[in-house]
Amino acid sequence: MMGRRFCLALALAALPTVAAVEEVPVVHQDSWGDFWLFRFLVNAAGYASIVVPGFLLIQYFKKKNYLETGRGVCFPVIKSCVFGNEAKSGHQDDALLAARNETVESSTARQIFKLLFCATGLQISYLTWGVLQERVMTRTYGATESDPGEKFKDSQFLVFMNRILACTVAGLYCALTKQPRHGAPMYKYSFASLSNILSSWCQYEALKYISFPTQVLAKASKVIPVMLMGKLVSRKSYEYWEYLTAALISVGVSMFLLSSTHDKHLSTVTTFSGVILLAGYIVFDSFTSNWQDALFTYKMSSVQMMFGVNVFSCLFTVGSLLEQGALLESVRFMARHSEFAAHAVLLSVCSAFGQLFIFYTINQFGAAVFTIIMTLRQAFAILLSCLIYGHAVTVVGGLGVAVVFIALFLRVYARSRMKKRAKKPPVETTVQKV
């Protein structure tokens, strides 16, 4: 009963954030085709034109029992795409992970160097990515004294650029290094790919309606809807520190949004459309991570996962762009504005190599250290955005940001303490799973 009342209190604390967004003017649209919901539906129709025929083909091969009756040149390809090559292996190969973690003990200096390398790589990759993301989505290109310039509007093209480079990097990595034998049916990557595309698209589109600091804080506070959903739907129980930190995050976000002054810059406005897009990002991103966890029941590495998901992401986005005629239009925009071309390529490089740094950091130091690094990155991203793009943050708003990140660090600390207590083995072991 107390838990339900607390959840209700959290929901009420979040209400001011919704009330605040209704007072701000909406971003001007040049035409109906520029409205985000229309573009979302058009993109979804493009993905459906690929997904539906693919689904029908998969059902046909399964009903025909193609695995038993098929033969010829196409058989290996169809088998890999529809049926896979191996049975499930329980979870990621624990022996392989243990072998990676049980390498010869490095010196303290070497471990510190590795940690600095990981932290620096993650910070550079994602801070640069955040700054460029805001630049591309909120500023014009080709502006002169007589010409106001033009904005780039097609978020799907940016997603395509990110995914094609990530696919290339992951493919080269898999080709040049030893990987586990792949066993998952390839079509299963398409579900995570679709949700990943849509979450990225929502993230880019949201910047047309809300400020980058608001977006970062909203992503940092997604623990609140996750907890509420878990309590109401799954009847999950949470520790007292989880309720406390969720309440602190809600208070911090509310302080930031309610204290935000109405800036003259269009990029700092918060609108209802931005809130919906952020909610879409959180929902799609949550599905992606959960589906990927389920896929890891097959024997595969993280880079193989990255490659499989990005292959389908490239297929879906390029198909949709070609159907809309938007691919050539975006290429022409790149040709007109070399600065945009450089930004788009650098954005893709940061995204692709950032993913590799994520895998390497988790492999070397575990999820807790990675979470701390990325939480710091979010705080630095807000600071950089305010310095570079002139977002006005009041003293109360700054305190709200501080409250959010203190709560996040408390969550990481409390969770690591709980794991250490739960994993105290009867016999000492040198391997610590995270």
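Here are a few questions and answers about the salt bridges and a surface patch in this predicted model.

User: How many salt bridges does a search of the whole structure find?
Analyst: Happy to start there. Side chains of opposite charge can pair when their charged atoms come close. Searching the whole structure for such salt bridges gives a total of 5.

User: Which residue meets Arg39 in a salt bridge, and in which helix is that partner?
Analyst: Arg39 sits in helix H2 (residues 36–63). Its side chain comes to 2.1 Å, N to O, from that of Glu205.

User: Is Glu205 buried or exposed?
Analyst: Good one to check. Buried means under 20% relative accessible area. Glu205 has a value of 0%, so this residue is buried.

User: What is the closest N and O distance between Arg411 and Glu242?
Analyst: Arg411 and Glu242 form a salt bridge. The pair joins helix H17 (residues 395–422), which holds Arg411, to helix H11 (residues 240–259), which holds Glu242. Both residues are buried, and their closest N and O atoms are apart by 4.0 Å.

User: Where is Leu346, and is it buried, partly exposed or exposed?
Analyst: Leu346 belongs to helix H15 (residues 338–365). Together with Val345, Val349 and Phe353, Leu346 forms a nonpolar surface patch of about 300 Å² accessible area.

Conventions
Residues numbered from 1 in each chain as written. Predicted model: local features only at pLDDT ≥ 70, side-chain atom pairs only at ≥ 80, totals over all residues. Heavy atoms only, no water. Patch = residues over 30% accessible without salt bridge, like charges linked within 9 Å, V, L, I, M, F, W, Y side chains within 5 Å. Areas by Shrake-Rupley, 256 points an atom, 1.4 Å probe, with all protein chains shown as cover. Helix = DSSP H or I, 4+ residues; strand = E, 2+ residues; numbered from the N terminus. Buried < 20%, exposed > 50% of the residue type's maximum accessible area, 1.4 Å probe, protein only.
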